[in-house]
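We will go stop by stop, selecting a few residues each time.

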Amino acid sequence: ASDIWDAVEGLKPNLVERFTGEFFKIKCKDQDRTDLNTKLVRHQLFKHNKFERMLDQDFIYQVLNTEFGVFKAYYTEEWREREQKIPRISLAKAEEMKADSKIEFKSATPVEEFNVTGEYWSGYEDVVVVVKERHFQGFRLECVPGSEFFISADAKDVETARLVEHWVPKTLDYVAKMEKMGVFRKGSTAAVGDKLDYDNDILGQVEEEEQDRVLDGSGQHDSLMGIDTNEPLTRPNAPVTIVESYFRLDMTGHGVLEPVVITTCNDVVLAIQENMYERPPFFICAGFPLPHRIDGTALGQILENEQKEKTNLRRAMVDGFAQAAIQTPVTSDPLMQRVLKNRTVHSVVNAEPKKIEWISHPDPGQGIFKALEYSANAVEEKTPYSRMAQGSTDAGNALNKTASGMNMVLTSAARKERLIARRIARCLEEVIQFCLWINDKVGPPNDVGRILDLPDKTEQDRKKIEQTLLKESE
């Protein structure tokens, strides 16, 4: 039976429709700020972060069929690196480029010579540099899988939780880039790489001792996905798990606990930073919450017994009708028994037809259909899912023949659905408020002028316009 799947997918269309398009409006002191802030946040959600796809594919499913759904909202600056080759460059120009933090020299050939006029010239040839370009700055939102999110068991909410962790799958190249940008400590890449080599050595000893045990057919640990960390070309792609731990520490020794983020990988401390958000940047929504707890009950747990019952009833129905469709021959003639026992398809039976009778098993009857209907009604009683709203209810139902009867059933189902929608709306309200806080306190997106159609002015004037438009949001 597919009761759990039907319930989840049956509730998705209305919920996705509720939270796409113009489903919110930000209130400010005047109409201009209201319109501009609303336009900006909608663009950040639906264009920068693919919010509708995230809602449809991940978040609503997590809310309905797991203990809770998790959004992570944060500010980020994302950079891209491109390699550039310069045939020839003067020494003064090279020094100027080296002073630029966005340019990194990789290789160059020093040259000293006298030109045709006899003037001395020094510089470099065959220069290879890596140029960093910022392609995004601003608010980011992601739906965190339940397997990557951890919170202390006694937590009542995210803000007061003793410990919140996000286990982020990355690569060794990501660690190297963060170290280069100064986010991670110096030597982090080498320390994490040594841990990878150590893990591979330990795993090799285990495989030698247990030859009959195959992990993933590559001779590597399954978490490394068969990547040889000793090969220079593939080593940067070796997967690692970055653990972001959010809790409070006494950083100054004055007895005041301050929110911090400790980033580790393979027991290597990569960074210890103050949490500029002053709280873990996670927002949780449970579709069926439990009292005094942060988590809830999954729809699969609620409908587990009904789905098992329905599965057994369907098997009994199919088996019963199959047995009823197959007739069993009965005869007292020994010759007829031998002929029937050895008979194949289209073989000729040399016996008296009057000496054989056929017995049929009774079909399951209407009782099996009543039991299936009872099980289907139990699903509707426990969840907001309604077969009538999906157009799949029994046409013989008396309520389906009158407008008032249909309206009564649909209203009852919609009331439960609206409650789940309210729970999701409370979570999204916190996300939108957090987005406004980031735009105001940390910084708006780098393309805010294009999004809001701001006039072309100097950088100082543009910042004044942004500050005037974006602050004082409720």
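Here is a short tour of a predicted model, with strands, a cavity and a helix as its stops.

**The paired strands.** Begin by selecting strand S1 (residues 69–90) and strand S3 (residues 120–143). These two run antiparallel and are joined by 19 bridges. Show the side chains of Glu81 and Lys132: Glu81 stands opposite Lys132 in S3.

Between S2 and S3 the hairpin has 5 residues, and among them Gly118 takes a positive phi near 90°.

**The cavity.** How many cavities of 30 Å³ or more are there? The count is 1, and the volume of this largest cavity is about 70 Å³. To find the cavity, select its lining: Glu159, Ala161, Tyr246, Phe247, Arg248, Pro259, Val260, Asn275, Glu278, Arg279 and Pro280. The lining divides into 6 nonpolar, 1 polar and 4 charged residues. Colour strand S6 (239–249) and strand S7 (258–265) next, as each gives the lining at least two residues. S6 supplies the largest share, 3 residues.

**The helix.** For the last stop, select helix H8 (residues 304–325). Its 22 residues should span 32 Å at 1.5 Å a residue, and its end C-alpha atoms are 32 Å apart, so the two values agree. Which residues of H8 are buried? They are Glu306, Lys310, Thr311, Met317 and Gly320. Show their surroundings and you will see these buried residues pack against helix H1 (3–18), helix H7 (299–302) and helix H10 (367–382).

Key
Residues numbered from 1 in each chain as written. Predicted model: local features only at pLDDT ≥ 70, side-chain atom pairs only at ≥ 80, totals over all residues. Heavy atoms only, no water. 1 Å grid on protein atoms, 1.4 Å probe; cavity = no way out; pocket = protein on both sides within 12 Å on 5 of 7 lines; lining within 4 Å. Points joined across faces, edges and corners; volume = space filled by probe spheres on them. Helix = DSSP H or I, 4+ residues; strand = E, 2+ residues; numbered from the N terminus. Nonpolar A, V, L, I, M, F, W, Y, C, P; charged D, E, K, R; others polar. Expected span 1.5 Å × (residues − 1). Buried < 20%, exposed > 50% of the residue type's maximum accessible area, 1.4 Å probe, protein only. Contact = heavy atoms within 4.5 Å. Pairing = 2+ DSSP bridges.
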